[in-house]
Amino acid sequence: LYARARRDLSDLLSAFELLTQRAIEFSGQGNPVSVPSPVYVLLEVSASGLADVRTMLETFLGNALEGGLVVDAAFAASHAQAASFWKIREEIIEAQLRGGRHLRTDVSMPISAIPTFLDRATRVVEAMSPDTVVLAYGHVGDGNLHFNVVPPPQFSLDQKIAFLQECEDAIFTAVDALGGSISAEHGIGRLKREAFLKRISPVHADMLRTLKAAFDPHGILGPGRILEEASK
């Protein structure tokens with residue numbers, strides 16, 4: 001569907017967000033589409049001037065429906081309705097924060113690997129505990145997914161911390177198997193430092209330290225964030 005959108009909507013395609021059924025339910029915003037589905041796409045087309053984006057989008061979705069790529073769709077007839085669609089995406093994040101300790105990941109992979117990753121990672125994480133909530137959403141166009149985990153509510157804080165660490169390890173292993181990256185847009189920082197250093201070669205690490213030392217000889221920029229040795 002994304003490949004067809006890139007072809008038919010060209011550079012007017014401004015958003016192609018993946019949302020799972022569980023993520024939409026978790027947002028508490030309701031589902032604007034009548035026919036339930038495991039996976040949804042929040043698609044946006046933007047243009048100025050006399051471009052008839054409504055007709056373009058209707059034609060695109062009509063062809064996708066006929067081709068079996070889409071089973072149902074809902075159009076935003078106003079800016080307010082469009083905002084309500086985006087509210088679903090935003091409330092997934094807010095609902096996670098209200099729920100307390102949880103795992104947020106920011107992984108990327110080849111676009112063609114997204115379905116395989118979602119299937120593998122979801123099965124592995126849910127097998128760890130039946131009460132786990134897996135929330136997946138992200139930017140299909142650059143292969144960037146936020147694959148997040150809300151632990152069972154009955155777990156203590158210590159149990160949640162240990163459980164979420166196991167989940168992150170399993171998720172990153174699934175990413176590795178598909179030639180992906182453990183960080184796409186949020187960076188490494190301190191939280192992913194260990195996982196990052198575990199995945200680069202000694203030569204790569206030495207190169208990073210050399211570059212860090214060249215641009216920051218006094219070690220004042222983000223000391224100890226990733227390359228601790230370079231900041232000493």
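This is a predicted model: local features need pLDDT of at least 70, side-chain atom pairs count only at pLDDT 80 or more; totals for chains, interfaces and linings use all residues.
Residues are numbered from 1 along each chain as its sequence is written, and side-chain values use heavy atoms, with hydrogens and water left out.

**Helix H1**

- In H1 (residues 2–9), Tyr2, Ala5 and Leu9 are buried, meaning under 20% relative accessible area, with exposed being over 50% and partly exposed in between (1.4 Å probe, protein chains only).
- These residues span an arc of only 55° around the axis, so they sit on the same side of H1; the arc is taken from the directions from the helix axis to the C-beta atoms.
- Ala3 and Arg7, on the other side of H1, are exposed.
- E1, E2 and H3 are among the elements that cover the buried residues of H1 (contact means heavy atoms within 4.5 Å).

**The sheet**

- An open sheet is built from five strands in the order E2-E1-E4-E5-E3, with antiparallel pairing; two strands pair if DSSP finds at least two bridges between them.
- E2 and strand E3 (107–108) are at the edges with a single partner strand each, so one side of each has no neighbour in the sheet.
- E1 and strand E4 (residues 133–139) run antiparallel and are joined by three bridges.
- Opposite glutamate 17 stands histidine 139 in E4.

**The largest pocket**

- Its volume is about 1400 Å³, the space filled by probe spheres set on grid points that are joined across faces, edges and corners.
- A pocket is an open set of points on a 1 Å grid over the protein atoms alone, where a 1.4 Å probe fits, with protein on both sides within 12 Å along at least five of seven lines; lining residues have an atom within 4 Å of a point.
- There are 44 lining residues, and Val41, Leu42, Leu43, Glu44 and Ala74 lie nearest the centre.
- E2 gives the most to this lining, with seven residues.
- The lining has 36 nonpolar, five polar and three charged residues (Ala, Val, Leu, Ile, Met, Phe, Trp, Tyr, Cys and Pro count as nonpolar, Asp, Glu, Lys and Arg as charged, and the others, Gly among them, as polar).

Terms used:
Helices (H or I, at least four residues) and strands (E, at least two) are DSSP runs, numbered from the N terminus.
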